[in-house]
Amino acid sequence: MPSVKKMLAYNQTWSSKVKQESPDFFKTIAQAQSPEILWIGCSDSRVGPDQLGGLPMGSLFVHRNIANIFATNDLNSLAVLEYAIDELKVPNIVVCGHYGCGGIHAALEHSGVQPVDLWLDQVRFVYNRHAKELKKLPREQRAKRLSELNVEAQVHNICRNTIVREAWKRGQEVSVFGLIFDIQDGLLKQLGIEFRSSEQWQARYGEAFSD
Ligand SMILES: [Zn+2]
């Protein structure tokens with residue numbers, strides 16, 4: 001059976017089962033969403049946040065793209081962040097990278113002018129900033145480390161964005177985390193990247209806000 005047909009058949013069974021167990025479930029979630037986490041992850045089919053986080057429907061507001069990039073010149077990323085923070089008041093933002101990321105490997109191996117190559121320039125900027133450290137590492141280790149550094153860079157892009165800075169300034173609860181998913185063992189790993197205020201972020205990066 002083709003995959004979409006299989007999915008439609010599964011959906012019928014799933015919907016009936018949920019309604020049987022909790023008759024008001026869909027009526028309740030149809031009213032409004034109040035997600036606890038804005039998830040910024042890779043489009044890779046093996047890193048679906050609902051599955052690996054074990055969270056129920058309505059928990060995650062999700063933005064995914066190749067190599068989990070939060071690009072400050074990307075209207076899509078910015079609109080997601082603005083809606084999540086200003087409208088939904090989501091209290092947590094997670095940037096999650098993963099080992100074995102095709103985007104990270106592609107950024108390391110070649111460059112070009114196709115859309116994917118241009119998108120991955122943002123990972124190459126991260127590589128160039130840390131080239132000295134990365135060049136010393138063997139190939140596989142280099143890709144893993146670049147995945148981690150890329151998460152850190154995207155967290156940095158989020159924290160220095162006006163949308164988050166303004167939220168912190170008015171006392172809104174926003175915590176930003178950087179995580180890595182290891183496809184080899186299915187575990188999410190913390191990277192020691194966690195910011196709850198502009199002061200914490202400034203203390204780490206030594207950058208001053210202009211306001
Ligand atoms: Zn990936």
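Helices α8 and α10 cross in a left-handed manner; a crossing is called left-handed if the near helix is turned anticlockwise from the far one by less than a right angle, and right-handed if it is turned clockwise. Helices (H or I, at least four residues) and strands (E, at least two) are DSSP runs numbered from the N terminus. The model is predicted: local features need pLDDT of at least 70, side-chain atom pairs count only at pLDDT 80 or more, and totals for chains, interfaces and linings use all residues. Residues are numbered from 1 along each chain as its sequence is written, and side-chain values use heavy atoms, with hydrogens and water left out.

Helix α8 spans residues 139-159 and helix α10 spans residues 198-205; their axes come within 11 Å and cross at roughly 130°. Axes are lines fitted to C-alpha atoms, for helices over the stretch in contact, and angles run from 0 to 180 degrees between N-to-C directions. The two helices α8 and α10 are therefore oblique to each other (angles under 35 degrees count as roughly parallel, over 145 as roughly antiparallel, 65 to 115 as roughly perpendicular and the rest as oblique). On the α8 side, E152, H156 and C159 meet W201, R204 and Y205 of α10, where contact means heavy atoms within 4.5 Å. By class, the contact of α8 with α10 consists of three nonpolar, one polar and two charged residues. In these classes Ala, Val, Leu, Ile, Met, Phe, Trp, Tyr, Cys and Pro count as nonpolar, Asp, Glu, Lys and Arg as charged, and the others, Gly among them, as polar.

E152, located in α8, touches I193, R204 and Y205 when residues up to four places away in sequence are not counted.

From α5, I104, H105, L108 and E109 take part in the contact, and from α8, R139, E140, R142, A143, L146, S147 and N150. Four nonpolar, three polar and four charged residues make up the contact of α5 with α8.

A further pair is formed by helix α4 (residues 75-87) and helix α9 (residues 162-169), whose axes come within 9 Å and cross at roughly 15°. That angle makes α4 roughly parallel to α9. The crossing of α4 and α9 is left-handed. L78, L81, E82, I85 and D86 of α4 meet I163, V164 and A167 of α9. This contact of α4 with α9 holds six nonpolar, no polar and two charged residues.

The zinc ion has C42 (SG), H98 (NE2) and C101 (SG) as protein donors, at 2.0 to 2.3 Å. Donors are N, O and S atoms within 2.8 Å of the metal (3.2 Å for Na, K and Ca); water is not among the atoms, so sites may look incomplete. Along the chain, the spacing of the zinc donors is C-x55-H-x2-C. C42 lies in strand β1 (residues 37-42) and H98 in strand β3 (residues 92-98), so this pair ties together parts 56 residues apart in sequence.

The protein is divided into domain 1 (1-31) and domain 2 (34-205), with bounds that come from an automatic or database domain assignment. The centres of domain 1 and domain 2, taken over C-alpha atoms, are 31 Å apart.
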